[in-house]
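The sequence and the structure come first.

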Amino acid sequence: MKDRKVYVVKWVLTVLFALVIGAVLILMIHENPIDAYVALVRGAFGGNLKLGTTLSNFTPLLLTSAAFAIAAKGGAFNVGVEGEVFLGGLAAAYVGIYWTWCPKPLLIVLCFAAAILVSAAWAFIAAFLKVKWGVNEVCVTILMNSVAQYIASYCVSGPMSAGKANSQSPDTLVTLPKIMKPSTLNTGIFIAIVVFILVWFMLQKTTLGYKIRSTGTNPAHAEYAGMKPGRITIIAMMISGALGGIAGCIQVLGAYGYYLDNFATGLGSNGMLIALIARSNFAALPFVSFFVAVLKSGAMGMQQSTGVPKSIVDTLTAVFICVACMEMLFIFKKKKKSGKSEVKQGGES
């Protein structure tokens, strides 16, 4: 309990320190930081539209950050979450548009199933190459992001095109019900929360979760204990891909009602940054995801109400990441110092 309190206090101080640095930057452009932050909060929470937009932004960030975190727990660095969101959304759109023979309640389930299968299979490629031949998954997943994006862009500009000015597919036959109109918030947020809790429970309370954590911590020890680290890494990557697919499906069926070209740009990288800030701690992921969602949705309100440009929020996010890394460095130095003191005491005795 004491360690948890220390952890919370450190992260609160980290956020406050980042906000102070942001205030200095705002002062440098001759604006009032208090007015800017008030406008940011109003832009994120003022009314159904703005609050709904914040929660709508939070939904995919929660899933993409969890996707990166679960892969990291299994010993892999999945930078390809964004590509998995693209292909998951594309698969959901295809099923939702062309499977007209299926009853609508079942069609929604099949849309999610298609998104999960396609995205998990896409993540399997990088995981298999890593385990079988030692190919670096970072390079593979970065390149596969572009491939996935080009595949999706070709489909909605060609065979799946709606024939409109924007590259998009026709409307899907099923959508997730909207809540807090006129925002894009939909019931997908509840699906995302349930999925997140299930993955968290699996990771902490099941044998598979223990194997994933053991493999990520020490694969040699996991193999010595009778586990198969390669197989576990592949499973973790496929779960990661499935989470990205679910995020894509929610955006297509909930936020848009069709597949919009390049709709997921930035979702994977933001999810990865959130997971790195939270150190892949599932207890911290929802809070960091919500904080980033507030910054993203409140930025426009801050720009409209004050003279502070929207780019300041991106700078503030980068500062927050830097401060979080500095806090990690502080912990490392502290452990190193305590180790020296123990050596010194042993020598004296």
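This is a predicted model: local features need pLDDT of at least 70, side-chain atom pairs count only at pLDDT 80 or more; totals for chains, interfaces and linings use all residues.

## Helix H3 and its end

Just after H3, Gly 75 adopts a positive phi of about 90 degrees. At 1.5 Å a residue, its 27 residues should span 39 Å, and the end C-alpha atoms lie 38 Å apart, which agrees.

## Confidence

The average pLDDT of the protein is 89, and 91% of the residues score at least 70. Residues 332–349 are a stretch where pLDDT stays under 50. For this stretch the model has 0 contacts beyond four places in sequence.

Two packed helices are described by the angle between their axes and the distance between the axes.

On the H3 side the contact includes Thr 53, Leu 55, Phe 58, Leu 62 and Ala 66. Among the H12 residues they meet as a group are Leu 285, Pro 286, Phe 290, Val 294 and Lys 296. The residues of this contact divide into 12 nonpolar, 6 polar and 1 charged.

## H3 against H7

H3 also packs against H7 (residues 188–205), with axes that come within 9 Å and cross at roughly 20 degrees. That angle makes H3 roughly parallel to H7. The crossing of H3 and H7 is left-handed.

In H3, the residues that meet H7 are Leu 55, Phe 58, Thr 59, Leu 62, Leu 63, Ala 66, Ile 70 and Lys 73. The H7 side consists of Gly 188, Ile 189, Ala 192, Ile 193, Val 195, Phe 196, Val 199, Met 202 and Leu 203. By class, the contact of H3 with H7 has 14 nonpolar, 2 polar and 1 charged residues. Leu 55, Phe 58, Leu 62 and Ala 66 are listed in the contact of H3 with H12 and also in the contact of H3 with H7.

## H8 against H10

The axes of H8 (residues 207–217) and H10 (residues 229–256) come within 9 Å, crossing at roughly 110 degrees. H8 and H10 are therefore roughly perpendicular to each other.

From H8, Leu 208, Lys 211, Ile 212 and Thr 215 take part in the contact. They meet Pro 229, Ile 232, Thr 233, Ile 235, Ala 236 and Ile 239 in H10. The contact of H8 with H10 comprises 7 nonpolar, 2 polar and 1 charged residues.

Most residues other than glycine have a negative phi, and most peptide bonds are trans. What is the phi of Met 180? The value is near 55 degrees, which is positive, in a residue other than glycine. Met 180 sits in the loop between H6 and H7.

Pro 182 is found in the loop between H6 (137–157) and H7 too. A cis peptide bond joins Lys 181 to Pro 182, with omega about 10 degrees.

Conventions: Residues are numbered from 1 along each chain as its sequence is written. Side-chain values use heavy atoms; hydrogens and water are left out. Contact means heavy atoms within 4.5 Å. Helices (H or I, at least four residues) and strands (E, at least two) are DSSP runs, numbered from the N terminus. Ala, Val, Leu, Ile, Met, Phe, Trp, Tyr, Cys and Pro count as nonpolar, Asp, Glu, Lys and Arg as charged, and the others, Gly among them, as polar. pLDDT is the predictor's confidence in each residue, from 0 to 100. Axes are lines fitted to C-alpha atoms, for helices over the stretch in contact, and angles run from 0 to 180 degrees between N-to-C directions. Angles under 35 degrees count as roughly parallel, over 145 as roughly antiparallel, 65 to 115 as roughly perpendicular and the rest as oblique. A crossing is left-handed if the near helix is turned anticlockwise from the far one by less than a right angle, and right-handed if clockwise. The expected span of a helix is 1.5 Å times one less than its number of residues.
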